[in-house]
Protein chains: 2
Amino acid sequence: MNTRFAVATHILTFLHTQDGRPATSELVASSVSTNPTLIRRLLSELAKAGLTTSQMGAGGGALLARPGNRITLLDVHRALDAEGTIFPLHQEPNPQCPVGRHINGVLRRRLSDVEKAMEAELARTTIADMAQDVANANRQG
Amino acid sequence: MNTRFAVATHILTFLHTQDGRPATSELVASSVSTNPTLIRRLLSELAKAGLTTSQMGAGGGALLARPGNRITLLDVHRALDAEGTIFPLHQEPNPQCPVGRHINGVLRRRLSDVEKAMEAELARTTIADMAQDVANANRQG
DNA sequence: TTTGTCTGTTACAAAAATGGTTACATATCA
DNA sequence: TGATATGTAACCATTTTTGTAACAGACAAA
């Protein structure tokens with residue numbers, strides 16, 4: 001299982017609920033139920049993508065780099081995964097075979113439409129939406 | 001990298017081009033550039049999903065279980081992957097935390113829309129389409 | 001300026017998933 | 001009966017993901 005996307009979304013949603021107060025990797029880790037190093041590794045990738053910033057030193061921690069309504073799940077996906085990793089192609093099918101010679105080009109074209117559809121849907125949810133959903137769930141149950 | 005989907009699609013496209021002649025796992029493996037056991041493992045899953053049949057014994061091999069224009073890439077995806085495996089959730093976030101308590105339910109709902117969009121797009125391509133694309137590529141160079 | 005806190009990163013181990021190889025019982029055709 | 005091919009299991013190597021420990025450097029607070 002690759003839960004990096006789910007954990008990264010959890011982190012960002014958590015940061016949103018902190019409302020400007022820096023959150024330490026230890027605090028975030030306790031919400032996710034994992035260890036601080038894993039959180040810091042993911043935060044490092046999210047920071048490289050411009051989604052979060054961090055303050056070192058006492059009283060420091062992680063913050064959203066911009067308002068949660070301007071961070072989408074597509075941003076999260078792109079921060080973590082290179083393109084074409086949802087349905088990776090197999091390498092070097094037999095070039096002597098009429099099918100093997102062209103299957104990857106054909107697949108790439110068809111699957112790029114699939115990824116586009118997926119990305120369009122990912123882009124429709126923001127971290128602010130996530131936080132709102134979580135708040136609603138807390139109010140109701 | 002998980003290339004099972006790509007390889008399975010390759011297999012089915014190859015079977016389509018065989019036009020009713022049973023293909024041995026060794027023949028298919030040579031097109032994919034892998035080993036016959038891997039092919040047989042995938043064929044076994046495809047057969048369970050009703051997409052292929054196999055004939056044991058001399059002169060045997062694998063066949064499409066129905067016409068290629070009635071097998072979509074969505075069928076392939078469903079034959080290989082359980083639901084919710086594209087973006088797996090992390091298990092047991094902290095139930096003491098307002099975010100941890102509800103993040104997975106919220107994520108599941110939002111991501112199910114994403115998978116639906118993806119599946120709708122996968123359903124638009126059939127194995128016959130794939131074979132046609134490959135044939136066109138061969139005609140053109 | 002000193003002390004304590006927290007990040008960023010590395011190293012290494014553990015666990016899980018994927019793919020490759022071998023082997024063999026069983027089914028089927030000729 | 002003999003040759004062929006599937007289905008499946010066992011086992012290993014490789015890669016990816018996750019967990020754990022360690023530590024230099026940045027920063028705040030006293």
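I began with the surface near DNA strand D, where α3 (36–48) of chain A, along with α3 (36–48) and β1 (52–55) of chain B, each give at least two residues. The model I am reading is a predicted one.

Entry 1, DNA strand D. I sorted the surface near DNA strand D by class and noted seven nonpolar, 16 polar and five charged residues. I then checked which part of the strand faces the protein. Of the atoms of DNA strand D within 4 Å of the protein, 59% are sugar or phosphate atoms, and bases make up the rest.

For B:R40, an N or O atom of the side chain is 2.8 Å from a base nitrogen of DNA strand D. For A:R41, a polar side-chain atom is 3.1 Å from a base nitrogen of DNA strand D. For A:T37, the distance from a side-chain N or O atom to a base nitrogen of DNA strand D is 3.3 Å.

I repeated the search here. DNA strand C is surrounded by 29 residues, and the closest are A:S25, A:R40, B:T3, B:T34 and B:N35. Among the atoms of DNA strand C that come within 4 Å of the protein, 57% belong to sugar and phosphate.

I found a side-chain N or O atom of A:R40 at 2.8 Å from a base nitrogen of DNA strand C. The side chain of B:R41 has an N or O atom 3.0 Å from a base nitrogen of DNA strand C. At B:M56 I looked at the backbone: a polar atom there is 3.5 Å from a sugar or linking oxygen of DNA strand C. The elements giving two or more residues to the surface near DNA strand C are α3 and β1 (52–55) of chain A, together with α3 of chain B.

I turned to the protein interface. In it, 50 residues of chain B contact 49 residues of chain A. About 4,300 Å² is buried between the two chains, and carbon and sulfur atoms give 71% of that area. I asked how many salt bridges cross the interface of chain B and chain A, and the rule finds two. One of them joins B:R110 to A:D133, with the closest N and O atoms 2.9 Å apart. I also noted 20 residue pairs in polar contact between chain B and chain A.

The largest share comes from α5(B), with 17 residues. By class this side divides into 25 nonpolar, 17 polar and eight charged residues.

I listed its secondary structure as six helices and two strands. From the N terminus on, the order is α-α-α-β-β-α-α-α. The radius of gyration of chain A is 19 Å, well over the 14 Å that the globule rule gives for 141 residues, so the chain is more spread out than a compact globule. Along the principal axes, the C-alpha atoms of chain A fill a box of roughly 60 × 35 × 25 Å.

How values were computed
Residues are numbered from 1 along each chain as its sequence is written. Chains are lettered from A and ligands numbered from 1 in the order in which they are written. This is a predicted model: local features need pLDDT of at least 70, side-chain atom pairs count only at pLDDT 80 or more; totals for chains, interfaces and linings use all residues. Side-chain values use heavy atoms; hydrogens and water are left out. A residue is near a molecule or strand if one of its heavy atoms lies within 4 Å of it. A polar contact is a pair of N or O atoms within 3.5 Å; within protein, one must be able to donate a hydrogen and the other to accept it, and residues adjacent in sequence count only if both atoms are side-chain atoms. Helices (H or I, at least four residues) and strands (E, at least two) are DSSP runs, numbered from the N terminus. Ala, Val, Leu, Ile, Met, Phe, Trp, Tyr, Cys and Pro count as nonpolar, Asp, Glu, Lys and Arg as charged, and the others, Gly among them, as polar. Contact means heavy atoms within 4.5 Å. Buried area is the accessible area (1.4 Å probe) that two parts lose on being put together, summed over both. A salt bridge is a side-chain nitrogen of Lys or Arg within 4 Å of a carboxyl oxygen of Asp or Glu. The radius of gyration is taken over C-alpha atoms; the globule rule is 2.2 Å times the number of residues to the power 0.38.
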